[in-house]
Amino acid sequence: MKVILARDLRAASERVAEANRARFRQQGVLAVNVMGSPGAGKTALLEATLPRLHPRYGCTVVEGDIATARDGERIAALGVPVVQLNTGGACHLDPAMVARALEELPGGGRLLFVENVGNLVCPAEVDIGTDRTVVVFSVTEGPDKPEKYPLAFSKADAVVLSKVDLLPHLDLAREDFLKVLHRCAPAAAVFPLSTRTDEGIDAWCAWMEAQVATQHTDPPGEG
């Protein structure tokens, strides 16, 4: 009987992630892993972002979910190329899934969003080969979540604090969220944002554009 060790599987996964990263760099694509809890507003963020950035950068999207194609259909309605990945129960995407999805997307784009399966645990533990990590965190989740799920926030290049238009209806202050985010994700850019009112969308999109510009000026093999 052949025994396969977990460390061998992890090493194989890491090799595929590195291959994805090399592919993105070779093709001049900035790949962004979008993580967050179910209902945090990940797809809504993409719906607010893509109409602004797709005309300039030729965006593509990989949508990860356990079941249904609903999120992919929302992105497709914007006219943006999208592949829906259903994991069939797995709580996160893996680099092989992403590599398979890339085969179905058209080339030539400069910005790829990968919306991971909704939770704050498993997606943070698996490198899928993307260049940036963004965590979408809703005010309705409460300000204690960054301390309860520290890995996701510690890996974030940016945190989108979503649904801030709901704050007047909650017994919570924006400053409470910002304090804990600056403590748990000190290196991350933080964007309080509402896709209903467009508050914060300009600053978020400007940050994304700066990331694309940085990616395309990095020497090959870095970043």
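Is arginine 74 buried, partly exposed or exposed? Arginine 74 is partly exposed, with a relative accessible area of 34%; buried means under 20% relative accessible area, exposed over 50%, and partly exposed in between, with a 1.4 Å probe and protein chains only. The model is predicted, so that local features need pLDDT of at least 70 and side-chain atom pairs count only at pLDDT 80 or more, whereas totals for chains, interfaces and linings use all residues. Residues are numbered from 1 along each chain as its sequence is written, and side-chain values use heavy atoms, with hydrogens and water left out. Helices (H or I, at least four residues) and strands (E, at least two) are DSSP runs numbered from the N terminus.

**The sheet**

- Seven strands are ordered S3-S2-S4-S1-S5-S6-S7 in an open sheet with parallel pairing; two strands pair if DSSP finds at least two bridges between them.
- Strand S3 (82-86) and strand S7 (189-192) are the edge strands, each with a single partner strand, so one side of each lacks a neighbour in the sheet.
- From one strand to the next, the twist averages 20°; axes are lines fitted to C-alpha atoms, for helices over the stretch in contact, and angles run from 0 to 180 degrees between N-to-C directions.
- Strand S2 (residues 59-65) pairs with S3 in the parallel sense over 5 bridges, and glutamate 63 stands opposite glutamine 84 in S3.
- Helix H8 (residues 174-184) packs on the sheet and touches strand S5 (132-138), strand S6 (158-162) and S7, contact meaning heavy atoms within 4.5 Å.
- The direction of H8 makes about 165° with that of S7.

- In S6, 5 of the 5 residues are buried, so the strand is largely enclosed by the rest of the structure.
- Ala158, Val160 and Ser162 point one way from S6, while Val159 and Leu161 point the other way, and all are buried.
- S5 and S6 run parallel and are joined by 5 bridges; valine 134 has alanine 158 in S6 as its bridge partner.
- S6 and S7 also run parallel, joined by 4 bridges, and the bridge partner of valine 160 is phenylalanine 191 in S7.
- The chain passes from S6 through H8 to S7 in a right-handed β-α-β crossover; right-handed applies if, with the strands pointing away from the viewer, the path from the first strand over the helix to the second runs clockwise.

**Salt bridges**

- The count comes to 14 salt bridges, each being a side-chain nitrogen of Lys or Arg within 4 Å of a carboxyl oxygen of Asp or Glu.
- Arginine 74 and glutamate 47 meet through their side chains in a salt bridge of 2.7 Å, N to O.
- This pair links distant parts of the chain, with arginine 74 in helix H3 (residues 70-76) and glutamate 47 in helix H2 (residues 42-57), 27 residues apart.
- Glutamate 47 counts as partly exposed at 26% relative accessibility.
- Arginine 74 also forms a salt bridge with aspartate 71, where the closest N and O atoms are 3.9 Å apart.
- Both arginine 74 and aspartate 71 lie in helix H3, 3 residues apart, which is about one turn of the helix; aspartate 71 is buried, with a relative accessible area of 14%.
- Glutamate 199 and arginine 174 form a salt bridge through their side chains (2.9 Å, N to O).
- That pair also links distant parts of the chain: glutamate 199 is in the loop between S7 and H9 and arginine 174 is in helix H8, 25 residues apart.
- Glutamate 199 is partly exposed at 33% relative accessible area, and arginine 174 is partly exposed at 26%.

**Aromatic pairs**

- A search of the whole structure finds 5 aromatic pairs; rings of Phe, Tyr and Trp (its six-membered ring) pair if their centres lie within 6.5 Å, and planes under 30 degrees apart count as stacked, over 60 as edge-to-face and the rest as tilted.
- The ring centres of tryptophan 204 and tryptophan 207 are 5.9 Å apart and the planes are at 20°, so this pair is stacked.
- Tryptophan 204 and tryptophan 207 are 3 residues apart in helix H9 (residues 201-215), a separation of about one helical turn, and both are buried.
- Phe137, Phe153 and Phe177 are linked into a cluster by ring pairs.
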